Amino acid sequence: MRAVHCPAASLGLGLLAAGSLAFEIALTRLFAVQQFHHFAFIAISLAVMGIAAGGVLVAWGRLRPSLAWLAAFFSLATALGYLTLNLLPFDSYAVAWDRRQIVILLIDFLAAGLPFLFAGWAVAQALAAAGERVRLPYAANLIGSALGPALALAAHALHGVAGAMALALALGLLAAAAFASSRWPRAVLAGLALSVLWLGASPPDTLALRISPYKPLAQALLAPDARLALTRRSPARRLDVVESSSLHQLPGLSLNARLPMPPQVGAYLDGDGPYPITSLEARDPLASELALR
């Protein structure tokens, strides 16, 4: 293993810090879209607990794996965490009658917190081993922590949660490559990182984010003629537009009204809605009648 105060190892530490923060940001978006927004705050608690557990392992001192292995384990745990959360989603509405959901929730929390344990373990071990020459690795850790969220938000805006997760995984692999002391492991790890980035840019349907069946977007898509017409992402939101003949949102209109319903589509933000978009011009006589009713 390279000395923790050498430039290559400091680069690896910065990449690992960026990967852990990218995973945390991706986790908040996953919880917000898949479940509900109040779940997103759990990502912060999981990050704090995981990093603290890594620090405890360093203080214990019995296990001292190389930084390359810890970075590789972080990437593996990131992949397993995303697959677990996506393929074994927690159903908060079913807790009242299905006690298995509590077990699923614990499994999801463990899967989501494991990457932070390896990241915290590596950072704490590197800083502890640097001794008086801690300035360079400490600076690399801070710079990586600052860049990680920005990179994750950009990846989410382009390719969604799967893209942000792929970025976090690739950064961990690149960190392992920087920590490695021989040439061929570095080449293999860098190649794997590029492959993961390519997969995140065009993820297959099996890796696409699955949302809770209780979210309004999932329910709207159950209509026989429902069609997902548009999906757009920003750093903080996901917008979906659904076309369906069963969508009618006209608050305040009497059920006895005999007016023709104007065509509408529904907009959904992070799976919540609908926010109706009505195809009706302001000068249309029907608009005046609806306003009067």
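## Close-up views of a predicted model

**Figure 1. The second largest pocket.** About 230 Å³ of space lies in the second largest pocket. A pocket is an open set of points on a 1 Å grid over the protein atoms alone, where a 1.4 Å probe fits, with protein on both sides within 12 Å along at least five of seven lines; lining residues have an atom within 4 Å of a point. A volume is the space filled by probe spheres on the points, which are joined across faces, edges and corners. The lining of the second largest pocket counts 13 residues, and those closest to its centre are Tyr 82, Ala 166, Leu 169, Leu 199 and Leu 207. Helices α4 (67-87), α6 and α7 (183-201) each give two or more residues to this lining. Elements are DSSP runs numbered from the N terminus: helices (H or I) of at least four residues, strands (E) of at least two. The lining of the second largest pocket has eleven nonpolar residues, two polar and no charged. Nonpolar covers Ala, Val, Leu, Ile, Met, Phe, Trp, Tyr, Cys and Pro; charged covers Asp, Glu, Lys and Arg; the others, including Gly, are polar.

The model is predicted, so local features need pLDDT of at least 70 and side-chain atom pairs pLDDT 80 or more, while totals for chains, interfaces and linings use all residues. Residues are numbered from 1 along each chain as its sequence is written, and side-chain values use heavy atoms, without hydrogens or water.

**Figure 2. The largest pocket.** The space in the largest pocket comes to about 380 Å³. Its lining has 22 residues, with Ala 208, Leu 209, Thr 231, Arg 233 and Arg 238 closest to the centre. Both helix and strand contribute: α6 (135-179), β1 (227-233) and β2 (238-243) each supply at least two lining residues. Helix α6 gives the most to the lining of the largest pocket, six residues. By class, this lining splits into 14 nonpolar, four polar and four charged residues.

**Figure 3. Asn 86 in helix α4.** Asn 86 sits in α4. With a relative accessible area of 1%, Asn 86 is buried. Buried means under 20% relative accessible area, exposed over 50%, partly exposed in between (1.4 Å probe, protein chains only). The Asn 86 side chain reaches the backbone oxygen of Ala 208 at 2.9 Å. Beyond residues up to four places away in sequence, Asn 86 touches Gln 34, Thr 206, Leu 207, Ala 208, Leu 209 and Arg 210. Contact means heavy atoms within 4.5 Å.

**Figure 4. The largest cavity.** The structure holds one cavity of 30 Å³ or more. A cavity is a set of points where the 1.4 Å probe fits but cannot get out. The volume of the largest cavity is about 70 Å³. Its lining consists of Phe 31, Gln 34, Gln 35, Phe 39, Leu 85, Pro 89, Phe 90, Leu 105, Asp 108 and Phe 109. Two or more of these residues come from each of α1 and α5 (100-130). The largest share, three residues, belongs to α5. Seven of the lining residues are nonpolar, two polar and one charged.

**Figure 5. Helix α1 against helix α6.** Helix α1 (residues 7-34) packs on α6 at an angle of about 35°, and the two axes lie 4 Å apart. The residues of this contact are 31 nonpolar, nine polar and one charged. Axes are lines fitted to C-alpha atoms, for helices over the stretch in contact; angles run from 0 to 180 degrees between N-to-C directions.

**Figure 6. Gly 54 in helix α3.** Gly 54 belongs to α3 (residues 42-60). Gly 54 counts as buried, at 0% relative accessibility. Apart from neighbours within four places in sequence, Gly 54 contacts Leu 117, Gly 120 and Trp 121. The C-alpha atom of Gly 54 is 7.3 Å from that of Ala 124, a residue 70 positions away along the chain.

**Figure 7. Asp 98 in the loop between α4 and α5.** The loop joining α4 and α5 holds Asp 98. Its relative accessibility is 13%, so Asp 98 counts as buried. The side chains of Asp 98 and Arg 100 make a polar contact at 3.0 Å. A polar contact is a pair of N or O atoms within 3.5 Å; within protein, one must be able to donate a hydrogen and the other to accept it, and residues adjacent in sequence count only if both atoms are side-chain atoms.

**Figure 8. The whole chain, for orientation.** The chain has nine helices and four strands. In sequence order the pattern is α-α-α-α-α-α-α-α-β-β-β-β-α. The C-alpha atoms fill a box of roughly 80 × 40 × 30 Å along the principal axes. Of the 293 residues, 43% are buried. Among contacts between residues at least 6 apart in sequence, 68% join residues at least 24 apart.
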